[in-house]
Amino acid sequence: MIDPAIRLALYRDMLRVRLIEEAVADRYHLDNEMRCPVHLSIGQEAVSAGVCLALRPDDQIVTTHRGHAHYLSKGGDLNAMLCEFHGKAPGCCGGRGGSMHLFDSDAGVLMSAPIVASSIPVGVGAALGMKQAGSDAVAVVFLGDASVEEGVFHESANFAAIRKLPVIFVCENNLFSVYTPLDQRQPDRPLTELAAAHGLACMQVDGNDSEAVYNATVKAAEAARAGEGATFILADTYRWREHCGPYYDNDLGYRSVEEFERWQSRDPVEMQRQRLIEAKLLKPTAESGLKTEIAAEIDDAFEFALSAPFPAPETAGDHVFA
């Protein structure tokens, strides 16, 4: 049984991520200040919350182009993230990277990268470093279902299995690679079979159930810390918004409205909210206060980002190596 404090924390984290990303969507074209592309995780919040709340501060994560939720759930700085979206100097990448390049070494966010599967070997390398240093920290690699179609996933999984590295591969299976469904890209077999073929321990969970994701991650992290090696967690979930951008794209025809509504009816935030209400762990006054607190945090962060300076022109050549 999950501790009530953790159950509440899962809800708070998912609600915070949802409200932040909805604010990003609402403001994206409002003043034309956010000039980078955004890949939103609305509908997939249970994965980031369940995984990251099962980790320690010294554990490290690597993530993908759709990495806002992971960054926030691991404790990344909201002001720095929104400054990065606005190309401002206090951004987590100095205003140079945009939404797909999020870093926060203090929070254990090692990197995010836009190239599909490119962050996987980095996370495996981090796990190798942890093992060589004698640490019992864990590395988590977030990847999408399309990443397992890249050769580097198989090379990394094989290496992690042979070396018994403390790494957890978390595959967010949202069924689409941009607009192409899974059944048009891969044969009909569980994605876990790919990982099992490399000797990885495997678990499949409901990726809209934050408590199920949390329990699976706790188990995987315990195994990694005990020297038992890597685990592959398949979390089935669904993104609500367009592949890239703040809008909905059901009009494009690559997915049906019925499919979208079926998944939307399993809103991970609302599912956890109802659980807490049934368990008498969430009272209306506390819920209202939580939403007010998060809304104020978001307003302050946007105000900070909008008023922050752009990088100084004379720094344009900084960090450029070729």
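Guide: What follows is a set of questions and answers about this model, which is a predicted one.

Visitor: What makes α5 roughly parallel to α6?

Guide: Again, look at the angle. The axes of helix α5 (residues 120–132) and helix α6 (residues 151–163) cross at roughly 15 degrees and come within 9 Å. Because angles under 35 degrees count as roughly parallel, α5 is given that description relative to α6. The handedness of this crossing is left-handed. On the α5 side the contact is made by Ile 120, Pro 121, Val 124, Leu 128 and Lys 131, and on the α6 side by Val 152, Phe 153, Ser 156, Phe 159 and Arg 163. These residues divide into seven nonpolar, one polar and two charged.

Visitor: Now to the inside. Which residues touch the most other members of the largest nonpolar core?

Guide: That core has 68 residues, and Met 81, Leu 82, Phe 85 and Val 140 touch the most other members. Helix α1 (residues 4–27) gives the largest share of the core, with nine residues.

Visitor: What does Phe 85 contact, leaving aside its neighbours within four places in sequence?

Guide: Phe 85 is in contact with Val 24, Glu 33, Met 34, Arg 35, Cys 36, Val 38, His 68, Ser 99 and Leu 102, once those neighbours are left aside. There is also a second, separate core of 29 residues, which includes Val 62, Ala 126, Ala 137 and Ala 139.

Visitor: How do you know that α2 is largely enclosed by the rest of the structure?

Guide: Count the buried residues in helix α2 (residues 45–52): eight of the eight are buried, so α2 is largely enclosed by the rest of the structure. Among them are Glu 45, Val 47, Gly 50 and Cys 52.

Visitor: Why is Thr 192 counted as buried?

Guide: Buried means under 20% relative accessible area. Thr 192 has 15% relative accessibility, so it counts as buried. This residue is found in helix α7 (residues 192–196). Not counting residues up to four places away in sequence, Thr 192 touches Cys 202, Met 203, Gln 204, Phe 232 and Leu 234. Thr 192 and Met 203 are eleven residues apart in sequence, with 7.4 Å between their C-alpha atoms.

Visitor: How do you know that Thr 64 is buried?

Guide: Thr 64 is at 13% relative accessibility, which is under 20%, so it counts as buried. You will find Thr 64 in the loop between β1 (60–63) and α3 (68–73). Leaving aside its neighbours within four places in sequence, Thr 64 is in contact with Ser 112, Ala 113, Phe 142 and Leu 143.

Visitor: What makes Gly 134 count as exposed?

Guide: Its relative accessibility is 65%, which is over 50%, so Gly 134 counts as exposed. Gly 134 sits in the loop between α5 and β3 (139–144).

Visitor: Why is Val 178 called partly exposed?

Guide: Val 178 has a relative accessible area of 34%, and this lies between the 20% and 50% cut-offs, so it is partly exposed. Val 178 is placed in the loop between β5 (176–177) and β6 (180–181).

Visitor: What is the phi of Val 178?

Guide: Val 178 has a positive phi of about 60 degrees although it is not a glycine. Most residues other than glycine have a negative phi. Ala 117, in the loop between β2 (109–112) and α5, also has a positive phi, of about 75 degrees.

Methods:
Residues numbered from 1 in each chain as written. Predicted model: local features only at pLDDT ≥ 70, side-chain atom pairs only at ≥ 80, totals over all residues. Heavy atoms only, no water. Core = buried A, V, L, I, M, F, W, Y, C linked by side-chain atoms within 4.5 Å. Buried < 20%, exposed > 50% of the residue type's maximum accessible area, 1.4 Å probe, protein only. Helix = DSSP H or I, 4+ residues; strand = E, 2+ residues; numbered from the N terminus. Contact = heavy atoms within 4.5 Å. Axes fitted to C-alpha atoms, helices over the stretch in contact; angles between N-to-C directions. Parallel < 35°, antiparallel > 145°, perpendicular 65-115°, else oblique. Left-handed = near helix turned anticlockwise from the far one by under 90°. Nonpolar A, V, L, I, M, F, W, Y, C, P; charged D, E, K, R; others polar.
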